[in-house]
Amino acid sequence: MTDNDFAVQVRGLVKRYPGKVAVAGVDLDIRPGEVFTLLGPNGAGKTTAVEILEGFRRADEGEIRVLGVDPARGDRHWRARLGIVAQSSREEAELSVAELLHHFAGYYPSPRDPDEVIAAVGLEDKRRTRTRNLSGGQRRRLDVALGVVGDPDLLFLDEPTTGFDPEARRQFWTLIENLRTQGTTIVLTTHYLDEAEYLADRVGVIADGRMLEVATPGTLGGRGARTARVSWLDADGAHEVRTDEPAAEVARLMRRFGGEVPELQVRRPSLEDIYLDLIGAAEAAPAPLEGAVR
Ligand SMILES: Nc1ncnc2c1ncn2[C@@H]1O[C@H](COP(=O)(O)OP(=O)(O)OP(=O)(O)O)[C@@H](O)[C@H]1O
């Protein structure tokens, strides 16, 4: 495995908990400068996989390189190149937002300007607020600020926008775009498909510890997944057909109805539709044999 071509390289990652295989043999390559989004249902193994990459958990099997280093052996120089926004936020503190950011910036060899970071996450008017008095969404913004203040080469964000209002989410997206422009590699888990569609260069879909597919948001599920869906209503109820020729289908329906077609809709499947199809198909498939991963 070469170290230099990828920010993250994983082969055959397995993690078992008592009675549960949380990650069941995952391969993954993430290029420098890429925004890579991990998608998957609750319990799919995303956080476990990310925490192994961060060096917080040990893999049971597999070869892993993060910025060229095995996370199990990462030293503090390696750690200083990572930015981490974990799922659960840190303890409440008596410090103000500005004090905390300045304090954390001191841990890094070449931090960002803490005041610029506070502005970038939209917490300027909370600079002097003690962090324990922030709302949930404001606290999450602070978590993101703490994750980026060290000016990381590789930033891990585990469900960063949970609890954000729509404006805060947009602001966060702009922050991520700016980081990407500056060359930061970003690994993001999210349950928001619009977020993945907007931000990700590539998405990886994990279910039950397995990587079902890695693709760009525009090609996930293959060509067939993007087939148009034509739906309408008649006396028997709602109908939907999937077709590569939606105009011909609409013409056929118009002839049948002699004009207007009740509740006619033609739509392309969204990333969310395609994702749900992928997950649904994986759930319907027979489970791998017990003991296939040991
Ligand atoms: N410390 C642990 N001990 C035992 N089982 C665990 C532990 N941590 C996670 N698990 C189990 O491993 C599986 C994967 O959990 P993980 O947190 O990685 O999922 P996730 O994809 O991040 O889910 P979510 O979207 O809900 O955050 C789950 O079945 C979970 O219950």
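Which residues are around the ligand? They are Tyr17, Lys20, Ala22, Gly40, Asn42, Gly43, Ala44, Gly45, Lys46, Thr47 and Thr48, where a residue counts as near a molecule if its C-beta atom, placed from the backbone, lies within 6 Å of it.

## About the model

This is a predicted model, in which local features need pLDDT of at least 70 and side-chain atom pairs count only at pLDDT 80 or more, while totals for chains, interfaces and linings use all residues. Residues are numbered from 1 along each chain as its sequence is written.

## The shell around the ligand

Strand E2 (20-30) and helix H1 (46-53) each supply at least two residues of this shell. H1 gives the largest share, three residues. Helices (H or I, at least four residues) and strands (E, at least two) are DSSP runs, numbered from the N terminus.

Sorted by class, the shell has three nonpolar, six polar and two charged residues. Here Ala, Val, Leu, Ile, Met, Phe, Trp, Tyr, Cys and Pro count as nonpolar, Asp, Glu, Lys and Arg as charged, and the others, Gly among them, as polar.

## The overall picture

The protein has nine helices and 12 strands, and its C-alpha atoms fill a box of roughly 75 × 50 × 35 Å, taken along the principal axes. Among contacts between residues at least 6 apart in sequence, 66% join residues at least 24 apart; a contact means that two C-beta atoms, placed from the backbone, lie within 7 Å.

The domain assignment gives domain 1 (31-42 + 73-215) and domain 2 (223-276), with bounds that come from an automatic or database assignment. Their C-alpha centres lie 40 Å apart.

Of the 294 residues in the protein, 33% are buried. A residue is buried if 20 or more other C-beta atoms lie within 10 Å of its own, exposed if 12 or fewer, and partly exposed in between, with C-beta atoms placed from the backbone. A nonpolar core is a set of buried Ala, Val, Leu, Ile, Met, Phe, Trp, Tyr and Cys residues joined through C-beta atoms within 7 Å.

The largest nonpolar core has 63 residues, and Val8, Ala145 and Phe156 touch the most other members. E2 gives the most to this core, with six residues. At least three core residues come from each of domain 1 and domain 2. Not counting residues up to four places away in sequence, Ala145 touches Leu101, Val117, Ile118, Val121 and Leu123.

## Two loop residues

Where is Ala93? Its place is in the loop between strand E5 (82-85) and helix H3 (97-105). Ala93 is partly exposed because 14 other C-beta atoms lie within 10 Å. Leaving aside neighbours within four places in sequence, Ala93 is in contact with Leu100, Thr131 and Arg132.

Asp201 lies in the loop between helix H7 (193-199) and strand E8 (202-207). Why is Asp201 partly exposed? Because it has 15 other C-beta atoms within 10 Å. With neighbours within four places in sequence left aside, its contacts are Glu34, Val35, Phe36 and Thr216.

## A helix and what follows

Helix H8 (residues 246-257) has 12 residues and reaches 16 Å from its first C-alpha to its last. That is close to the 16 Å expected at 1.5 Å a residue, the expected span being 1.5 Å times one less than the number of residues. After H8 comes Gly258, whose phi is positive, near 65°.
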